[in-house]
Amino acid sequence: MMFRHLFKLIWNKRKQNFLFLSEILVSFMVIFAVFSFLTFYYQNYSKPLGFDYKKVWSISYDNGLLTKNRDSLNIFYDNLYKSLKAMPQIEEVTYTGANFPYSNSTMSTGLNSNGKKFNPVNSYVVGADYQKVWNIKLVAGRWFLPEDAVTKNKNFIINETLKKQMFGEGDAIGKLIGDYDDKEKMKIIGVVQDIKANGDFWPAGNAMFTRLDTGYFRNNSHILVKVRDGADATFESQLYKFMTNTMKNSVEIQHLSEMRDAKNEVTIIPMVIFIIIASFLIINVALGLFGVLWYNINKRRSEIGLRRAIGASGSSVSLQLVMEAMILATMSLMVGCFFAIQFPLLSVFNIPASVYIVAMLLSILFIYLLVFACSLYPGKQAAGIHPAIALHEE
Amino acid sequence: MIRLQNIKKVYRTDTVETLAINGINLDIAKGEFLSIMGPSGCGKSTLLNIMGLLDEPSKGNIQIDSQDISSYSDQKLAKFRNEKLGFIFQSYHLINDLQVLDNVELPLLYRNSSAKERKRLATEALEKVGLSNRLKHFPTQLSGGQRQRVAIARAIVGNPQIILADEPTGNLDSAMGNEIMDILINLNKNEGTTIVMVTHDENMAHKTHRLVRLFDGSQVQ
């Protein structure tokens with residue numbers, strides 16, 4: 001019954017409460033944005049990485065030999081592969097396109113299946129031992145074999161996300177899929193676990209893997225090696241010398257663990273800055289709410305005195321003021337939720353609806369806690385107003 | 001109905017000590033209409049606040065309806081005020097953001113009565129003061145006399161045994177003041193409500209059963 005009475009009182013004073021309502025609405029939208037980011041990052045972070053980067057080094061080179069003959073070039077790279085593989089500190093070796101995990105390169109394409117276009121799809125051009133280097137887990141089918149070089153349809157492998165989008169829970173192995181223009185059909189031979197190639201906080205997205213054929217060597221400039229435990233700076237130096245002598249040109253060796261840190265920082269640093277800015281805003285809003293409630297109580301001393309006279313105890317006056325603040329917060333949150341719910345409904349930024357829903361719930365909880373905390377002390381002060389004094393102030 | 005025994009009230013600040021009420025003894029019978037008069041600052045309102053349990057005496061004992069309320073908690077005092085006492089103030093103390101009916105319903109909000117029951121009782125109370133045609137008005141849309149009648153309706157809606165009125169006609173012209181006084185007299189006569197009224201107006205005071213005069217915190221008549 002008190003709730004109805006308070007709602008009526010608040011509704012009749014909606015113009016006076018406009019500032020309070022606006023502050024809560026703006027805070028909710030900011031908090032919703034922060035929690036949307038955090039939920040999005042957390043959901044991605046909690047998913048498995050899908051590969052093992054810790055002992056992987058990337059070697060980027062620029063082949064200075066300028067070998068034009070294709071067969072000679074193939075022999076050259078085959079020998080290089082064997083030389084690297086023969087090194088005792090190296091466990092696995094693979095050639096790769098530029099867009100390997102944690103690199104800053106991307107290559108995407110589109111696929112066609114049953115008249116439906118899937119775009120974008122991250123396209124990875126990979127060597128035969130790419131799976132071994134990264135320890136990528138196969139979910140279905142198989143990895144590339146040498147005979148895949150001569151099949152009628154180009155064989156390729158997709159990740160779980162793309163498989164679910166294309167076939168749901170159905171089987172993908174052996175299915176023919178159209179390329180970007182739907183002119184050439186390619187055959188799915190395997191499904192691998194998703195790999196979070198852009199860092200811990202970003203989704204794997206759709207991905208496809210095609211076999212690096214010998215014609216690709218002319219433009220290739222990246223090798224990935226998986227080293228053994230004993231591989232240290234001395235070995236890195238030897239490897240660098242070997243590669244420089246082989247390529248007759250500049251070479252760069254990077255540890256994937258460092259590349260991962262750099263990639264994650266690109267997400268973490270702006271997020272921390274955003275949270276700090278939002279925190280300052282929330283502190284200001286909290287002080288504002290506190291001030292507005294305090295001011296309202298001082299303006300309503302006679303009403304509080306009257307309520308005490310006609311039967312309200314100190315604690316019920318305090319409770320009333322906290323409830324009023326919570327009702328006002330609810331009114332603002334209803335407007336805020338109307339705007340916020342548009343994000344999952346319209347699939348804004350192509351982010352899963354669950355991210356927005358969780359962020360909305362967290363924001364609602366946060367705002368209620370904020371308003372509750374800000375109204376607690378003014379409510380307590382109101383309870384302490386002496387009715388006899390308050391009723392004689394006018 | 002109300003028994004005050006050797007009531008003293010002292011207001012203290014860091015530097016000054018003011019004796020507002022100095023040893024007042026007063027017995028008010030059930031159904032009595034008593035007025036309290038005296039110059040400004042003589043302690044009339046303080047005495048009324050003490051009777052209304054809005055203020056505590058520094059010394060002395062107060063009994064209402066044979067109950068010693070000195071040991072009552074804040075919760076119990078609030079319940080007691082709600083059930084036994086009705087208040088009327090010089091400046092009405094209506095909530096301007098609530099309609100007349102809602103203002104009158106206020107004391108019932110602190111009881112376990114349904115919305116329907118509250119509306120019925122508030123409407124009845126407003127009928128008694130002749131304002132049944134102003135239920136949906138806001139206080140700012142009413143005259144001073146009408147506002148005070150709303151305040152009276154609010155005071156009687158819970159059917160209290162005692163009404164404490166602090167200069168109820170103080171802000172009204174004589175015609176409106178008489179109207180309010182008539183309502184209070186009828187209430188006392190017909191409902192048997194005990195009324196204690198603080199006033200500056202001799203004419204109004206002489207309409208009551210008994211007149212108590214205060215001077216410098218002491219009873220002189």
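**Exercise 1.** Work out how much of chain B is buried and how its fold is built.

*Solution.* Step 1: of the 221 residues in chain B, 48% are buried, meaning that 20 or more other C-beta atoms, placed from the backbone, lie within 10 Å of a residue's own. Keep in mind that this is a predicted model, where local features need pLDDT of at least 70, side-chain atom pairs count only at pLDDT 80 or more, and totals for chains, interfaces and linings use all residues. Residues are numbered from 1 along each chain as its sequence is written, while chains are lettered from A and ligands numbered from 1 in the order in which they are written.

Step 1: chain B has seven helices and 10 strands (DSSP runs numbered from the N terminus: H or I of at least four residues for helices, E of at least two for strands).

Step 2: its radius of gyration (over C-alpha atoms) is 17 Å, close to the 17 Å from the globule rule (2.2 Å times the number of residues to the power 0.38), so chain B is as compact as a globular protein of 221 residues.

**Exercise 2.** Which helices of chain A supply at least two residues each to the side that touches chain B?

*Solution.* Step 1: the contact (C-beta atoms placed from the backbone, within 7 Å) takes 22 residues from chain A and 24 residues from chain B.

Step 1: the helices are α1 (2-12), α8 (301-310) and α12 (387-390) of chain A.

Step 2: α1(A) gives the most, with six residues.

Definitions and conventions. Contact = placed C-beta atoms within 7 Å. Buried ≥ 20, exposed ≤ 12 C-beta atoms within 10 Å, placed from the backbone.
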